[in-house]
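Thanks for coming, everyone. Please have a look at the model on the screen, and I will walk you through a few of its features.

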Amino acid sequence: MNIQPLLDFLTPIVVPDWGALVALIPLGLLLLVLLWLAMTLRRFATAGPVRRAPARVQPVPPASIHMPGGSAAPIFAAFGAFSLLATVIIGGPAILAGVAILVVTLALWGREAMRDYEHLEPVSTLPAVVHEGPPPGVHMPGPSIRPFLGALGTGVLFGGIVIGGWVLLVALIFFIWTLVGWLTDFKAEYRKVEEADQTGHLENIPDRAWPKAVLQLFVIAFVVVAVAQSGVVSRLGAAAAGPGASGAPGGSGAPGGGSTADLTVVAKDVAFDTKALSIGGGKSFTIEFKNQDAGISHNIEIRDASGSVVQDQPTIDGVNETVYTFNALQPGTYTFICKVHPIPTMTGTITVK
């Protein structure tokens, strides 16, 4: 009896080709997903009656509840947003067209929303609720403006730290003033609590109004100090006096007055006059630094490629000048920067050959 056909039939079952079976796994998963979708669709199709009435039943919302109808405004707004993003990619004058389309679609949506709002039924006014107050022995302080003033003083202090100079001093005074006022109110509230322990009658301190006069005074102080620190007054005076009246060095930036410094850097309007310096390696060198920003501190420090400080120098207040001496550097490219204002306008590159 020839059993070879039977063996040939059973061989793939007894000794399967695992590589081929693994390749069929994605197909099997796809079949399972399709089977699950078919079962889900069947459940939804057989859930409840297929048709409730000969015509569509319009839902009726309860009284005093407004249900807006269908609207195409969100679709238009989405088209406007798409137009803006598309024109941003295109660039040029097309951006104006994208902005115009978005504004028009949002205006249509807003107009439709306002019309819908006008159809809302007025809400009846609820009776005022008068709270009886806290339980005996519990002190609830009244509303206070001090936390807002404290937050304002903190923000102003951070801004003064960034700007520096006299602005920082005024900001520090303002911050201290807000804290002192807050502590004063806290002390007054504590005294009221102590009085309540003896009298049994609990009172809050009087409501504090916004100190408009003091705030206006600080605003004026900030404006005056900022204008003076920016050097606008000195520049206007120099322009009115004419060129050369102040005795300042010329616009070439070269060392004046017989200076023997190897390099010269001028700081003016919170910016270095040069962004690239070059010096020979293997020996120390000097930089004549002229700070022409009145009331603002600057300096020059050298950093390596990783941002680490290689050599630092003390700051000087403007208007003033000094000569910095730096030790010899290895050949390469370094960064010279003002540590008080580490911004792009006060950052440059020094090449050591």
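This is a predicted model: local features need pLDDT of at least 70, side-chain atom pairs count only at pLDDT 80 or more; totals for chains, interfaces and linings use all residues.

Helix α4 covers residues 73-90 and helix α5 covers residues 94-118, and the two pack at an angle of about 165° with their axes 8 Å apart. An angle over 145 degrees counts as roughly antiparallel, and therefore α4 and α5 are described as roughly antiparallel to each other.

Which residues make the contact between them? On the α4 side they include Phe76, Phe79, Leu84 and Val88, while on the α5 side they include Ile95, Leu102, Trp109 and Glu112.

A search of the whole structure finds one cavity of 30 Å³ or more, and the largest cavity has a volume of about 70 Å³. Among the residues that line the largest cavity are Gly142, Ser144, Asp185, Glu189, Asn204 and Arg208, and its lining as a whole divides into three nonpolar, three polar and four charged residues.

Finally, there are two details of the backbone to look at. The peptide bond from Gly318 to Val319 is cis, with omega near 0°, and Val319 lies in the loop between β7 and β8. Asp269, which sits in the loop between β1 and β2, has a phi near 60°, a positive value in a residue other than glycine.

Note on methods
Residues are numbered from 1 along each chain as its sequence is written. Side-chain values use heavy atoms; hydrogens and water are left out. Axes are lines fitted to C-alpha atoms, for helices over the stretch in contact, and angles run from 0 to 180 degrees between N-to-C directions. Helices (H or I, at least four residues) and strands (E, at least two) are DSSP runs, numbered from the N terminus. Angles under 35 degrees count as roughly parallel, over 145 as roughly antiparallel, 65 to 115 as roughly perpendicular and the rest as oblique. Contact means heavy atoms within 4.5 Å. On a 1 Å grid over the protein atoms alone, a cavity is a set of points where a 1.4 Å probe fits but cannot get out, and a pocket is an open set with protein on both sides within 12 Å along at least five of seven lines; lining residues have an atom within 4 Å of a point. Grid points are joined across faces, edges and corners, and a volume is the space filled by probe spheres set on the points. Ala, Val, Leu, Ile, Met, Phe, Trp, Tyr, Cys and Pro count as nonpolar, Asp, Glu, Lys and Arg as charged, and the others, Gly among them, as polar.
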